[in-house]
Amino acid sequence: MEETRFEADDPCPPAFKLLVSCPSGLSPSQLSVVFDPAYDRIHHPDTSLENSISEIWDRRVQQNPSLYNGLKFRYGGNNISGGADSSQEHDVCLHLGLTDYRTFVGTNLNPLWERFLFPSEDDWRRCQHTSNPLGNGAIVETAENDIVVLQRSTNVGEFPGHFVFPGGHPEPQEVGITSHHRNFELSHQMVNDMVSREMFDSIIREVVEEIGVPAATLGNPVFIGVSQRVLNVRPTAFFFIKCSLQSKEIQHLYYNAQDRFESTQLCTMSMNDVAEISSKMPGCHQGGFALYKLMVDAAEKN
């Protein structure tokens with residue numbers, strides 16, 4: 001489960017890096033979180049670069065006054081623990097801080113985003129000056145083992161028109177987090193446990209809202225890893241979820257999905273068909289598909 005680059009068959013540079021890979025899939029008891037200000041973003045020493053965050057945000061708000069600066073969990077690395085037996089799946093602990101959409105737009109999506117990177121082979125240090133909100137994505141398998149893929153609408157902020165897997169973000173507000181100042185009635189471990197549960201609860205919520213299926217038709221999510229888009233160093237946690245519905249049933253429910261406006265169509269595809277269109281996905285979603293393929297390969301070997 002170490003950090004790896006996924007080698008493609010073609011000579012093009014990879015669009016993603018796998019920060020964590022868990023081919024056997026982790027249950028909630030195997031995925032923990034440490035939520036701490038130590039994993040918040042560190043300001044860049046270049047004042048003009050820091051000032052560009054506000055300048056870019058102000059321009060975006062002028063263009064689109066409906067933009068909302070919501071809080072997000074910031075990915076600050078991970079820790080892998082377990083026994084010495086390499087054949088067994090180890091536990092993973094995600095290190096999370098706080099960030100917001102404004103800082104994401106001003107760092108990761110900044111035209112000068114590469115200047116925010118610190119020269120280091122360690123990913124956490126390399127990205128210490130970027131917002132790095134942790135996104136989530138789901139590889140949803142239908143009853144006949146097809147995969148659910150959405151095509152994003154043309155009016156979304158990132159990658160309009162691209163194929164993606166359902167997903168979004170785990171949300172701090174869903175577990176009552178508005179800052180690092182916690183309720184005195186909650187211990188640090190209680191907060192960590194709440195955030196850990198939100199990792200799994202949020203992906204079910206996103207799938208239900210984006211494709212319209214009832215939560216009762218979805219199996220328990222299993223965590224399969226974290227993919228990072230090379231462009232803008234955007235991290236996304238991926239999960240595998242089995243749906244009990246047939247593709248035609250999902251297609252029918254999709255037209256009344258709560259977040260239907262975020263996409264223009266829902267497709268259900270075989271694994272080979274997804275591989276054909278994966279180059280039209282954002283890098284982090286290409287990485288999500290790579291994590292799924294590693295999971296399938298591991299299951300076949302067992």
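This is a predicted model: local features need pLDDT of at least 70, side-chain atom pairs count only at pLDDT 80 or more; totals for chains, interfaces and linings use all residues.

Reader: Okay, strand S9 first. How many of its residues are buried?
Author: Seven of the eight residues in S9 (residues 222-229) are buried. Buried means under 20% relative accessible area, with a 1.4 Å probe and protein chains only. Strands here are DSSP runs of E with at least two residues, helices are runs of H or I with at least four, and both are numbered from the N terminus.

Reader: And which way does S9 pair with S1?
Author: Antiparallel, over six bridges, with S1 covering residues 16-26. Two strands count as paired if DSSP finds at least two bridges between them. Phe16 stands opposite Arg229 of S9.

Reader: What about S9 and S10?
Author: Those two are antiparallel as well, over seven bridges, and S10 spans residues 234-242. Phe223 faces Phe239 in S10. S9 and S10 make a hairpin with four residues between them, and Asn232 in the turn has a positive phi of about 70°.

Reader: Switching topic: what's the strand order in the open sheet?
Author: It goes S2-S4-S3, three strands with mixed pairing. S2 (31-35) and S3 (71-81) are at the edges with a single partner strand each, so one side of each has no neighbour in the sheet. Neighbouring strands there are turned by 30° against each other on average, direction ignored.

Reader: How many bridges join S2 to S4?
Author: Five, and the two strands run parallel, with S4 being residues 91-100. Val33 has Leu94 in S4 as its bridge partner.

Reader: Which helix lies across that sheet's strands?
Author: H4 (residues 188-211) lies across S2, S3 and S4, at about 125° to S2. Axes are lines fitted to C-alpha atoms, for helices over the stretch in contact, and angles run from 0 to 180 degrees between N-to-C directions. Contact means heavy atoms within 4.5 Å.

Reader: Last one: is Val140 buried or exposed?
Author: Val140 is buried, with a relative accessible area of 0%. It sits in strand S5 (residues 135-141). Leaving aside neighbours within four places in sequence, Val140 is in contact with several residues, including Asp146, Pro166 and Cys243. The C-alpha atoms of Val140 and Phe165 are 8.0 Å apart, though 25 residues separate them along the chain.

Notes. Residues are numbered from 1 along each chain as its sequence is written. Side-chain values use heavy atoms; hydrogens and water are left out. Buried means under 20% relative accessible area, exposed over 50%, partly exposed in between (1.4 Å probe, protein chains only).
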